[in-house]
Amino acid sequence: MGLIACQGTKTNSDYSADANMISESEITSAKLDAETTKQLITGYLKIKDALVNTNAEKAAYAADEILFNLEQNDSKIVNQLLEEVQLIAKTKDVKEQRIYFKGLSSNIYTLAKNTQTEIDLYQQYCPMVFDNTGAHWISDKEKVFNPYFGDKMLRCGKVTEVIE
C-alpha cells in the first residue's frame, strides 16, 4: 500500500534540497535584475529573522510577502528559488520551515555570490544543527543569530565567509 500526495504539493517527505540546488552558471545566465535580487535577499533575511525568533507565523508571512512581490516574475531561476519559499509559506511548523530554509539558504548563497548586491552579507555555519550534520545560512549581520536553533542556542555558529 502506498501513499498518494496531492498533485503539485510537495510535503516534507518529498522534499530534497539537493534536487532543487541552483548552480552558479544558472544564476549568471539568468541575468536577474538588481531589484529582483534585492527582493529575494531581503525577503530571505526576513524569513531568517523570524526563524531566529522561532516564529513560524512570521516566517510564513515573510515567505508569502516574497511570493506576492515576485508573482509576476517569469524567470525559471526565480521560480526555482521560490520553491522553498512556497513550502515555508504553507506550513506553520517551525521545524519543517527550518528544513526548507536550509535548501533556500544554499540557493540564496549562490545567488548572492554571483550577482551584484548592495548589502553586506555573511555566510554563517552551525555544526550542531540537523543531528550534527551542520547547516549554513546567510545574514546581513556579522554577529551570529542562529535561525536553526533560535532561542535554544541563539549564538551557536560562526561566520565562514564575507560575501562581497
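Biologist: How do you know that the radius of gyration of the protein agrees with that of a compact globule?

Modeller: The rule is 2.2 Å times the number of residues to the power 0.38, with the radius taken over C-alpha atoms. For 164 residues that lands near 15 Å, and the protein has 15 Å, so the two agree. Bear in mind that this is a predicted model, where local features need pLDDT of at least 70, side-chain atom pairs count only at pLDDT 80 or more, and totals for chains, interfaces and linings use all residues. Residues are numbered from 1 along each chain as its sequence is written, and side-chain values use heavy atoms, leaving out hydrogens and water.

Biologist: Why is Cys156 called buried?

Modeller: Buried means under 20% relative accessible area (1.4 Å probe, protein chains only), with exposed over 50% and partly exposed in between. Cys156 has 14%, so it counts as buried. Across the protein, 43% of the 164 residues get that label.

Biologist: What makes Met128 and Trp137 contacts of Cys156?

Modeller: Contact means heavy atoms within 4.5 Å. Leaving aside residues up to four places away in sequence, Cys156 touches Cys126, Met128, Trp137, Val144, Asn146 and Phe149. Pro127 sits 29 residues from Cys156 in sequence, yet their C-alpha atoms are 8.4 Å apart.

Biologist: Where is the place of Cys156 among the strands?

Modeller: Strands are DSSP runs of E, at least two residues long, and helices are runs of H or I, at least four, numbered from the N terminus. Cys156 lies in the loop between strand 2 (135-139) and strand 3 (158-163). Overall, the protein has six helices and three strands, in the order α-α-α-α-α-β-α-β-β.
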